[in-house]
Amino acid sequence: MTNTILKFRKPPGEQYAAVARLYGLDSDPLKLTQAFRLSFKQLESEAPNFGAGGIGWQKWWLGVVRRTFTSAGCPADSSSLDTIGHHLIRHFSGGNAYELFDGSTALLEDIRGRGAVLGAISNSDERLEGILIHLGVRHYFDFVLTSYAAKVAKPDPRIFQQALSCAGSNITSSEALHIGDDLQRDYLAARRCGWHSVLVSSQLHQVCQEAGVAVDGASMVTCLKDLHSLLDRYTTS
(Lines give C-alpha, C1' and ligand atoms only; values in the text may rest on other atoms or scores of the structure.)
Protein backbone atom coordinates (compact mmCIF):
# COMPACT_ATOMS: atom_id res chain seq x y z
CA MET A 1 0.00 0.00 0.00
CA THR A 2 2.80 2.43 0.91
CA ASN A 3 4.21 3.99 -2.26
CA THR A 4 1.26 2.63 -4.25
CA ILE A 5 -1.83 4.51 -3.03
CA LEU A 6 -0.44 6.16 0.12
CA LYS A 7 2.83 7.83 1.07
CA PHE A 8 4.47 9.63 3.97
CA ARG A 9 3.34 13.25 4.30
CA LYS A 10 6.95 14.13 5.06
CA PRO A 11 10.12 12.00 5.02
CA PRO A 12 10.41 9.78 8.13
CA GLY A 13 13.40 11.77 9.38
CA GLU A 14 11.41 15.01 9.43
CA GLN A 15 8.58 13.36 11.33
CA TYR A 16 10.99 11.74 13.78
CA ALA A 17 12.71 15.08 14.37
CA ALA A 18 9.41 16.88 14.96
CA VAL A 19 8.35 14.39 17.64
CA ALA A 20 11.81 14.44 19.24
CA ARG A 21 11.63 18.23 19.58
CA LEU A 22 8.54 17.82 21.74
CA TYR A 23 10.81 16.10 24.26
CA GLY A 24 13.64 18.63 24.01
CA LEU A 25 15.82 16.58 21.67
CA ASP A 26 17.29 18.43 18.69
CA SER A 27 18.23 16.30 15.69
CA ASP A 28 19.09 16.57 12.01
CA PRO A 29 16.12 15.40 9.86
CA LEU A 30 18.36 14.41 6.95
CA LYS A 31 20.62 12.29 9.15
CA LEU A 32 17.55 10.74 10.75
CA THR A 33 16.09 9.82 7.35
CA GLN A 34 19.34 8.14 6.33
CA ALA A 35 19.65 6.39 9.68
CA PHE A 36 16.00 5.28 9.50
CA ARG A 37 16.53 3.51 6.19
CA LEU A 38 19.58 1.70 7.52
CA SER A 39 17.92 0.78 10.83
CA PHE A 40 14.81 -0.49 9.06
CA LYS A 41 16.87 -2.79 6.84
CA GLN A 42 18.85 -4.07 9.82
CA LEU A 43 15.75 -4.95 11.83
CA GLU A 44 14.08 -6.42 8.75
CA SER A 45 17.04 -8.80 8.45
CA GLU A 46 17.33 -9.62 12.16
CA ALA A 47 13.59 -9.96 12.93
CA PRO A 48 11.70 -10.29 9.63
CA ASN A 49 8.15 -9.15 9.08
CA PHE A 50 8.08 -6.62 11.93
CA GLY A 51 8.96 -9.26 14.49
CA ALA A 52 5.92 -11.43 13.77
CA GLY A 53 6.19 -14.65 15.76
CA GLY A 54 8.97 -13.11 17.86
CA ILE A 55 9.38 -9.75 19.56
CA GLY A 56 6.19 -8.31 18.07
CA TRP A 57 5.72 -5.18 15.98
CA GLN A 58 5.75 -2.63 18.81
CA LYS A 59 9.13 -3.73 20.18
CA TRP A 60 10.34 -4.03 16.61
CA TRP A 61 9.54 -0.38 15.92
CA LEU A 62 10.99 0.73 19.26
CA GLY A 63 14.19 -0.96 18.11
CA VAL A 64 14.10 0.96 14.83
CA VAL A 65 13.59 4.24 16.72
CA ARG A 66 16.47 3.61 19.13
CA ARG A 67 18.85 2.64 16.33
CA THR A 68 17.75 5.55 14.16
CA PHE A 69 18.46 8.23 16.75
CA THR A 70 21.63 6.54 17.95
CA SER A 71 23.00 6.15 14.41
CA ALA A 72 22.16 9.79 13.69
CA GLY A 73 24.32 10.83 16.66
CA CYS A 74 21.50 12.08 18.86
CA PRO A 75 22.43 12.15 22.58
CA ALA A 76 19.52 10.58 24.45
CA ASP A 77 19.22 7.86 27.05
CA SER A 78 17.29 4.64 26.50
CA SER A 79 14.29 5.79 28.55
CA SER A 80 13.92 9.01 26.54
CA LEU A 81 14.18 7.13 23.26
CA ASP A 82 11.51 4.68 24.38
CA THR A 83 9.21 7.60 25.23
CA ILE A 84 9.82 9.13 21.82
CA GLY A 85 9.37 5.70 20.26
CA HIS A 86 5.94 5.15 21.81
CA HIS A 87 4.89 8.62 20.63
CA LEU A 88 6.06 7.81 17.10
CA ILE A 89 4.17 4.51 17.14
CA ARG A 90 0.98 6.43 17.93
CA HIS A 91 1.81 9.09 15.35
CA PHE A 92 2.28 6.55 12.57
CA SER A 93 -0.93 4.74 13.55
CA GLY A 94 -3.19 7.37 12.00
CA GLY A 95 -3.66 9.55 8.97
CA ASN A 96 -1.50 12.45 10.14
CA ALA A 97 1.69 10.68 9.06
CA TYR A 98 0.40 9.68 5.62
CA GLU A 99 -1.46 11.04 2.64
CA LEU A 100 -2.94 9.54 -0.50
CA PHE A 101 -1.25 9.76 -3.86
CA ASP A 102 -3.07 11.87 -6.44
CA GLY A 103 -5.53 9.64 -8.22
CA SER A 104 -5.83 7.05 -5.44
CA THR A 105 -9.49 7.66 -4.68
CA ALA A 106 -10.45 7.82 -8.35
CA LEU A 107 -8.69 4.50 -8.97
CA LEU A 108 -10.38 2.79 -6.01
CA GLU A 109 -13.77 4.07 -7.15
CA ASP A 110 -13.08 2.82 -10.68
CA ILE A 111 -12.19 -0.67 -9.44
CA ARG A 112 -15.23 -0.86 -7.18
CA GLY A 113 -17.42 0.34 -10.02
CA ARG A 114 -16.29 -2.59 -12.12
CA GLY A 115 -17.67 -5.01 -9.57
CA ALA A 116 -14.31 -6.51 -8.67
CA VAL A 117 -13.41 -7.86 -5.24
CA LEU A 118 -10.83 -5.42 -3.91
CA GLY A 119 -8.26 -6.29 -1.27
CA ALA A 120 -5.21 -4.68 0.28
CA ILE A 121 -2.14 -6.93 0.54
CA SER A 122 0.65 -5.18 2.35
CA ASN A 123 3.98 -5.85 3.99
CA SER A 124 3.04 -3.95 7.13
CA ASP A 125 2.00 -4.37 10.74
CA GLU A 126 -1.52 -4.38 12.12
CA ARG A 127 -1.94 -0.59 12.12
CA LEU A 128 -2.71 -0.46 8.39
CA GLU A 129 -6.47 -0.87 8.79
CA GLY A 130 -6.67 2.13 11.11
CA ILE A 131 -4.56 4.23 8.76
CA LEU A 132 -6.90 3.46 5.86
CA ILE A 133 -9.88 4.42 8.03
CA HIS A 134 -8.26 7.74 8.96
CA LEU A 135 -7.52 8.45 5.29
CA GLY A 136 -11.15 7.71 4.40
CA VAL A 137 -10.56 4.80 2.02
CA ARG A 138 -11.04 1.64 4.12
CA HIS A 139 -14.61 1.19 2.85
CA TYR A 140 -13.36 0.58 -0.67
CA PHE A 141 -11.69 -2.68 0.36
CA ASP A 142 -13.40 -6.01 0.88
CA PHE A 143 -10.46 -7.16 2.98
CA VAL A 144 -7.13 -5.93 4.34
CA LEU A 145 -4.35 -8.51 4.68
CA THR A 146 -1.10 -7.45 6.32
CA SER A 147 2.05 -9.53 6.28
CA TYR A 148 2.04 -9.36 10.09
CA ALA A 149 -1.37 -11.03 10.29
CA ALA A 150 -0.52 -13.49 7.52
CA LYS A 151 2.76 -14.43 9.27
CA VAL A 152 4.47 -14.26 5.87
CA ALA A 153 5.49 -11.30 3.72
CA LYS A 154 5.66 -10.66 0.02
CA PRO A 155 7.25 -12.12 -2.10
CA ASP A 156 6.34 -15.34 -0.23
CA PRO A 157 3.62 -17.06 -2.30
CA ARG A 158 1.69 -17.96 0.85
CA ILE A 159 0.48 -14.40 1.35
CA PHE A 160 -0.97 -14.41 -2.16
CA GLN A 161 -2.67 -17.73 -1.41
CA GLN A 162 -4.16 -16.26 1.77
CA ALA A 163 -5.39 -13.26 -0.21
CA LEU A 164 -7.33 -15.55 -2.56
CA SER A 165 -8.95 -17.18 0.47
CA CYS A 166 -9.91 -13.75 1.82
CA ALA A 167 -11.41 -12.83 -1.54
CA GLY A 168 -13.68 -15.87 -1.46
CA SER A 169 -16.15 -16.72 -4.21
CA ASN A 170 -13.77 -19.40 -5.49
CA ILE A 171 -11.56 -16.84 -7.19
CA THR A 172 -8.54 -18.48 -8.80
CA SER A 173 -5.04 -17.11 -9.27
CA SER A 174 -5.63 -16.69 -13.01
CA GLU A 175 -8.52 -14.34 -12.19
CA ALA A 176 -6.50 -12.21 -9.77
CA LEU A 177 -4.67 -8.96 -10.51
CA HIS A 178 -2.06 -7.46 -8.17
CA ILE A 179 -1.06 -3.79 -8.39
CA GLY A 180 2.09 -2.69 -6.61
CA ASP A 181 5.19 -0.51 -6.70
CA ASP A 182 7.93 -3.09 -6.06
CA LEU A 183 9.24 -5.05 -9.05
CA GLN A 184 10.35 -8.09 -7.05
CA ARG A 185 7.90 -8.24 -4.13
CA ASP A 186 4.81 -7.20 -6.06
CA TYR A 187 5.03 -7.51 -9.83
CA LEU A 188 7.21 -10.61 -10.26
CA ALA A 189 6.09 -12.33 -7.05
CA ALA A 190 2.44 -12.19 -8.10
CA ARG A 191 3.24 -13.55 -11.55
CA ARG A 192 5.14 -16.48 -10.06
CA CYS A 193 1.90 -17.32 -8.22
CA GLY A 194 -0.09 -17.34 -11.45
CA TRP A 195 -1.62 -13.89 -10.94
CA HIS A 196 -1.75 -11.03 -13.37
CA SER A 197 0.19 -8.01 -12.13
CA VAL A 198 0.76 -4.35 -12.84
CA LEU A 199 3.75 -2.32 -11.70
CA VAL A 200 3.33 1.35 -10.78
CA SER A 201 6.61 3.23 -10.39
CA SER A 202 7.59 6.83 -11.03
CA GLN A 203 11.11 5.48 -11.66
CA LEU A 204 9.93 2.68 -13.93
CA HIS A 205 12.73 2.70 -16.49
CA GLN A 206 15.47 2.93 -13.87
CA VAL A 207 13.96 0.12 -11.80
CA CYS A 208 13.64 -2.18 -14.80
CA GLN A 209 17.09 -1.34 -16.10
CA GLU A 210 18.73 -2.10 -12.76
CA ALA A 211 16.91 -5.45 -12.59
CA GLY A 212 17.56 -6.34 -16.22
CA VAL A 213 13.83 -6.52 -16.96
CA ALA A 214 12.27 -5.13 -20.11
CA VAL A 215 9.66 -2.41 -19.65
CA ASP A 216 6.25 -3.78 -20.59
CA GLY A 217 3.85 -0.99 -21.49
CA ALA A 218 0.92 -3.40 -21.20
CA SER A 219 1.52 -4.04 -17.49
CA MET A 220 3.79 -1.23 -16.24
CA VAL A 221 2.89 2.43 -15.69
CA THR A 222 4.49 5.45 -14.05
CA CYS A 223 1.42 6.83 -12.26
CA LEU A 224 -2.01 5.77 -11.00
CA LYS A 225 -4.01 7.69 -13.61
CA ASP A 226 -2.53 5.46 -16.33
CA LEU A 227 -4.01 2.38 -14.67
CA HIS A 228 -7.61 3.04 -15.69
CA SER A 229 -7.13 2.01 -19.31
CA LEU A 230 -5.12 -1.07 -18.28
CA LEU A 231 -7.97 -2.25 -16.08
CA ASP A 232 -10.08 -2.79 -19.19
CA ARG A 233 -7.87 -5.77 -19.99
CA TYR A 234 -8.77 -7.50 -16.74
CA THR A 235 -12.27 -6.42 -15.77
CA THR A 236 -15.67 -5.77 -17.27
CA SER A 237 -18.05 -3.08 -16.06
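Author: Happy to! Let's begin with K151, which has a relative accessibility of 54% and therefore counts as exposed, the cut-off for that word being over 50%. Please keep in mind that this is a predicted model.

K151 sits in the loop between α8 and α9. Its backbone is worth a look: phi of K151 is near 70 degrees, a positive value in a residue other than glycine. Most residues other than glycine have a negative phi, and most peptide bonds are trans. The loop between α8 (147–150) and α9 (157–167) also holds P155. The peptide bond leading from K154 into P155 is cis, with omega near 20 degrees.

Another positive phi can be found in F50, where the angle is near 60 degrees and the residue is again not a glycine. The setting of F50 is helix α3, residues 48–51. Is F50 buried or exposed? With 9% relative accessibility, F50 counts as buried, because that word applies under 20%.

F50 also leads us to W61. Setting aside neighbours within four places in sequence, W61 is in contact with F50, and also with Y16, F36, F40, I89, D125 and R127. W61 belongs to the largest nonpolar core, which has 51 residues. Together with Y16, F69 and F141, W61 is among the residues with the most contacts inside that core. Which elements give two or more residues to this core? They are α1 (12–21), α2 (29–46), α4 (57–71), α5 (78–91), α6 (104–113), α7 (128–134), β6 (196–200) and α12 (227–231). The largest share, 7 residues, comes from α4.

There is a second, separate core of 14 residues, which includes L145, A167, A189 and W195. Let's follow L145, which lies in strand β4, residues 143–146. At 7% relative accessibility, L145 counts as buried, so this residue falls under the 20% cut-off. Leaving out neighbours within four places in sequence, the contacts of L145 are A120, I121, S122, A150, I159, Q162 and A163. One of these, I121, stands opposite L145 in the strand pairing. That pairing joins β3 (residues 119–122) to β4 through 4 bridges, and the two strands run parallel. L145 and E126 are 19 residues apart in sequence, and their C-alpha atoms are 9.0 Å apart in space.

What about the two faces of β4? In a regular strand the side chains alternate between the two faces of the sheet. Both faces of β4 are covered: F143 and L145 lie on one side, V144 and T146 lie on the other, and all are buried.

Strand β5 (residues 177–180) gives another picture, with H178 and G180 on a covered face and L177 and I179 on an uncovered one. β5 belongs to an open sheet of 3 strands in the order β5-β6-β7, with parallel pairing. β5 and β7 (220–221) are the edge strands, each pairing on one side only. Between β5 and β6 there are 4 bridges, in the parallel sense. Looking across this pair, H178 has S197 of β6 as its bridge partner, while I179 stands opposite V198 in β6.

At 32% relative accessibility, D226 counts as partly exposed, because its value falls between the 20% and 50% cut-offs. Along the chain D226 and L183 are 43 residues apart, and their C-alpha atoms are separated by 17 Å.

One last stop is the second largest pocket, which holds about 530 Å³ of space. Of its 19 lining residues, the closest to the centre are N3, D181, V200, S201 and S202. How many residues of each class does the lining of the second largest pocket have? By class there are 6 nonpolar, 7 polar and 6 charged residues.

Note on methods. Residues are numbered from 1 along each chain as its sequence is written. This is a predicted model: local features need pLDDT of at least 70, side-chain atom pairs count only at pLDDT 80 or more; totals for chains, interfaces and linings use all residues. Side-chain values use heavy atoms; hydrogens and water are left out. A nonpolar core is a set of buried Ala, Val, Leu, Ile, Met, Phe, Trp, Tyr and Cys residues joined through side-chain atoms within 4.5 Å. Buried means under 20% relative accessible area, exposed over 50%, partly exposed in between (1.4 Å probe, protein chains only). Contact means heavy atoms within 4.5 Å. On a 1 Å grid over the protein atoms alone, a cavity is a set of points where a 1.4 Å probe fits but cannot get out, and a pocket is an open set with protein on both sides within 12 Å along at least five of seven lines; lining residues have an atom within 4 Å of a point. Grid points are joined across faces, edges and corners, and a volume is the space filled by probe spheres set on the points. Ala, Val, Leu, Ile, Met, Phe, Trp, Tyr, Cys and Pro count as nonpolar, Asp, Glu, Lys and Arg as charged, and the others, Gly among them, as polar. Two strands pair if DSSP finds at least two bridges between them.
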